[in-house]
Amino acid sequence: MLKGLTALVTGSSRGIGRAIAIRLAQEGAAVGINYNSNKEAAVEVLNEIQGFGGKAALFPGDVADGPGMAEMTKKIKNEFGGLDILVNNAGVTRDGLLLRMKEEDWQRVIETNLTGVYNCTKAALRYILRSENPSIINISSVVGQMGNAGQSNYAAAKAGIMGFTKSMARELASKGVRVNAVAPGFIETDMTSVLPDRVKEKMLENIPLGRLGKPGDVANLTLFLASPNSKYITGQIINVDGGMVMT
Ligand code: NAP
C-alpha cells in the first residue's frame with residue numbers, strides 16, 4: 001500500500017509511535033524512526049522492521065529543537081531519497097493541578113507536544129511538497145476535546161494540534177498535501193501504565209466498547225490516513241477511542 005514511499009514517525013521508539021512505524025513498514029514504506037533518548041527501544045523497533053524485510057533507519061532528536069528537526073529531515077531525505085508521510089506522534093505528560101503546576105512542566109509539554117508539531121511539519125514540508133502522495137497525520141488526544149483535571153498543559157497542546165491541523169489542511173490543500181489528526185482515547189502504553197487502577201477503572205466506565213485501546217488500533221487508522229485510500233480526506237480529527245467521544 002505504501003511501497004516506494006518514505007515516512008517519518010516522531011517518537012517511534014515506544015508505544016503508539018512504535019506501532020505506527022511497524023504498521024507503515026509492513027505496508028512497504030521506508031520508515032524514519034525518531035526518538036529522544038531511548039536508543040535501546042528504538043533499536044528494537046529497527047530490528048523488528050528489518051526482521052520482516054522492511055526498510056527503516058534511526059534518527060534521534062528532540063522534536064522541540066527546531067534547527068535539529070531541519071537537520072534530521074534533511075538526513076532522512078538523503079537516506080531514502082525523499083519524504084512523503086509525516087506522523088507527528090512524539091508527546092509527553094507532566095501532570096498536575098494548575099495551582100501547583102511548575103512553569104517548566106507547562107513549557108515542556110507545550111514545547112514537545114505542540115511546538116514539536118510546528119517544528120517537524122515546517123522541516124518536513126520542504127520535502128513533502130515534492131511528493132506524489134503527501135500526507136501529514138498529527139496525533140492529538142480526546143483530552144484536547146474533553147479537557148482533563150490535572151492536564152491543562154497537555155489538553156492545551158492537544159487542542160492546539162487540532163487547530164493547527166485544520167489550518168494546515170486549508171493552507172496546503174491546493175498543493176495536494178492532506179493534513180489530518182487522530183484523537184486516541186485511552187491507549188495501553190508506558191504513558192498510561194503509570195495511572196492507578198482506580199483511574200483506569202473509572203475510564204473504562206466511559207468507554208462504550210468496554211476495553212482500553214491498543215497501539216495497533218491507532219496505527220491502523222494512521223495507515224489509512226497515510227495511504228492513497230484516504231485521498232479525499234483532509235482537515236479531519238478522527239477519534240480512536242472506543243466511543244468515548246461522540247460528536
Ligand atoms: P509513550 O509510550 O510515552 O511514548 C512516547 C514516545 O515519544 C517515545 O518514543 C519517546 O521517545 C517519544 N518522545 C518523547 N519526547 C520526545 C521528544 N522531545 N522528541 C522526540 N521524541 C520524543 O507515549 P504514547 O502513549 O505512545 O503516546 C504517543 C502519542 O500519543 C503522544 O503524542 C500522546 O500524547 C498521544 N496519546 C496517547 C494516548 C494514550 O492513552 N497512550 C492517548 C491519546 C494521545 P523516547 O523513547 O526516546 O523517550
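Which backbone N or O atom lies 2.8 Å from an oxygen atom of the ligand? In this predicted model, where local features need pLDDT of at least 70, side-chain atom pairs count only at pLDDT 80 or more, and totals for chains, interfaces and linings use all residues, that atom belongs to Asn38. Residues are numbered from 1 along each chain as its sequence is written, and side-chain values use heavy atoms, with hydrogens and water left out.

Two further polar contacts (pairs of N or O atoms within 3.5 Å) reach oxygen atoms of the ligand: a backbone N or O atom of Asn89 is found at 2.7 Å, and a side-chain N or O atom of Ser13 at 2.6 Å. On its own the ligand has 900 Å² of accessible area (Shrake-Rupley method, 1.4 Å probe), of which the protein covers 95%.

The shell around the ligand, taken as residues with a heavy atom within 4 Å of it, comprises 33 residues, of which Ser13, Ser37, Asn89, Tyr154 and Thr189 come nearest. By class, this shell holds eleven nonpolar, 17 polar and five charged residues, with Gly counted as polar and Tyr as nonpolar. At least two shell residues each come from helix 1 (15-26), strand 2 (30-35), helix 4 (103-128), helix 6 (152-172) and helix 7 (190-193), where helices (H or I) are DSSP runs of at least four residues and strands (E) of at least two; helix 7 gives the most, with three residues.

Helix 4 and helix 6 also pack against each other, at an angle of about 15° and with axes 8 Å apart, the axes being lines fitted to C-alpha atoms over the stretch in contact and the angles running from 0 to 180 degrees between N-to-C directions. The two helices are therefore roughly parallel, a term for angles under 35 degrees.

Key:
A polar contact is a pair of N or O atoms within 3.5 Å; within protein, one must be able to donate a hydrogen and the other to accept it, and residues adjacent in sequence count only if both atoms are side-chain atoms. Angles under 35 degrees count as roughly parallel, over 145 as roughly antiparallel, 65 to 115 as roughly perpendicular and the rest as oblique.
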